[in-house]
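Student: I have a model open and would like to talk it through with you. Could we go strand by strand and then look at some loops?

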Amino acid sequence: MSSVNPVVFLPDTLEKNAASLAQTFGGSITLGMGQFCTNPGLLLAIATPALERFESALATAIRQMPPATMLTASIHRHYTALSAAMQRESGVTPLAVAPAGNAGQAHAQVLKVTAEDFLRTPALREEVFGPASLLVIADNKDALQVVVASLQGQLTATVIAEEEELPGEQDLLLQLSDIAGRLIF
């Protein structure tokens with residue numbers, strides 16, 4: 001079973017809550033060293049000035065996370081290999097990488113990529129089990145929906161939004177409910 005558990009950040013909520021959301025998701029990405037099947041492995045957003053504030057605050061949160069030992073040496077090796085492979089994909093750049101620890105310890109990281117590069121690279125849709133997330137930045141709402149349409153089945157999908165944003169997002173919500181076992185608001 002594999003799941004990237006996409007999280008969609010709508011623009012109004014990022015405008016109002018960028019810093020607090022960054023702290024929350026920094027903690028969520030690294031909870032249990034990312035070794036939960038509902039870990040948010042994919043963060044989706046539209047490019048806005050508020051997203052830039054979110055990125056900056058998330059980078060700060062991730063860099064402050066201490067490394068920790070993963071459940072097994074095999075899980076750690078797999079995490080290290082997959083996260084390194086993701087970093088080598090075209091268009092992927094690091095947003096933040098926490099300091100490395102001792103042998104066997106994983107360090108948190110958030111990488112980012114444009115929606116266009118994400119769509120050209122199917123490997124980016126695969127789970128990296130551990131404290132890693134990929135931020136996919138779309139130019140607009142239509143591009144965001146194309147990214148969601150490219151995803152396979154997921155355990156969860158989360159929409160972070162202001163209540164007044166939701167009525168205008170029915171197509172996106174239907175897409176997410178079609179691919180996820182649980183839709184979380």
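Student: Which residue stands opposite Val 136 in β7?
Tutor: The residue opposite Val 136 in β7 is Val 113. Please keep in mind throughout that this is a predicted model.

Student: Which residue is the bridge partner of Leu 44 in β7?
Tutor: Leu 44 has Val 136 as its bridge partner in β7. The strand β2, residues 42-46, is joined to β7 by five bridges, and these two strands run parallel.
Tutor: Seven of the seven residues of strand β7, which covers residues 132-138, are buried, so the strand is largely enclosed by the rest of the structure.

Student: Which residues lie on each side of β7?
Tutor: Ala 132, Leu 134, Val 136 and Ala 138 are on one side, while Ser 133, Leu 135 and Ile 137 are on the other, and both faces are covered, with these residues all buried. As background, side chains in a regular strand alternate between the two faces of the sheet.

Student: Back to β6 for a moment, what does it do with β4?
Tutor: Strand β4, residues 93-97, pairs with β6 over four bridges, and here the sense is antiparallel. Within that pairing, Val 97 stands opposite Gln 109 in β6.

Student: What about Thr 114, is it buried or partly exposed?
Tutor: Thr 114, which lies in strand β6, counts as partly exposed, with a relative accessibility of 34%. Leaving aside neighbours within four places in sequence, Thr 114 is in contact with Val 136 and Ile 137.

Student: Let's switch to loops. Where is Asn 39, and is it buried or exposed?
Tutor: Asn 39 is placed in the loop between α1, residues 11-30, and β2. With a relative accessibility of 7%, Asn 39 counts as buried, the cut-off for that label being under 20%.

Student: Which residues does Asn 39 touch?
Tutor: If residues up to four places away in sequence are not counted, Asn 39 touches Val 4, Asn 5, Ser 28, Ile 29, Gly 34, Gly 130 and Ala 132. One of these, Ala 132, is a buried residue of β7.

Student: Asn 5 is on that list, so what can you say about its phi?
Tutor: Asn 5 has a positive phi of about 45°, although it is not a glycine. Asn 5 is placed in the segment before β1, residues 6-9, and counts as buried at 1% relative accessibility.

Student: What about Phe 36, where does that one lie?
Tutor: Phe 36 lies in the loop between α1 and β2, and it is partly exposed, with a relative accessible area of 40%. Not counting residues up to four places away in sequence, Phe 36 touches Leu 31 and Phe 129. Phe 36 and Tyr 79 are 43 residues apart in sequence, and their C-alpha atoms are 13 Å apart in space.

Student: And Asn 102, is that buried or exposed?
Tutor: Asn 102 counts as exposed, at 58% relative accessibility, and its place is in the loop between β4 and β5, residues 105-106.

Student: Zooming out, how many helices and strands does the protein have?
Tutor: The protein has six helices and nine strands. Its radius of gyration is 15 Å, close to the 16 Å that the globule rule gives for 185 residues, so the protein is as compact as a globular protein of that length.

Student: What share of the residues is buried?
Tutor: Buried residues make up 50% of the 185 residues in the protein. Among contacts with a separation of 6 or more, 77% are between residues 24 or more positions apart.

Terms used: Residues are numbered from 1 along each chain as its sequence is written. This is a predicted model: local features need pLDDT of at least 70, side-chain atom pairs count only at pLDDT 80 or more; totals for chains, interfaces and linings use all residues. Side-chain values use heavy atoms; hydrogens and water are left out. The radius of gyration is taken over C-alpha atoms; the globule rule is 2.2 Å times the number of residues to the power 0.38. Buried means under 20% relative accessible area, exposed over 50%, partly exposed in between (1.4 Å probe, protein chains only). Contact means heavy atoms within 4.5 Å. Two strands pair if DSSP finds at least two bridges between them.
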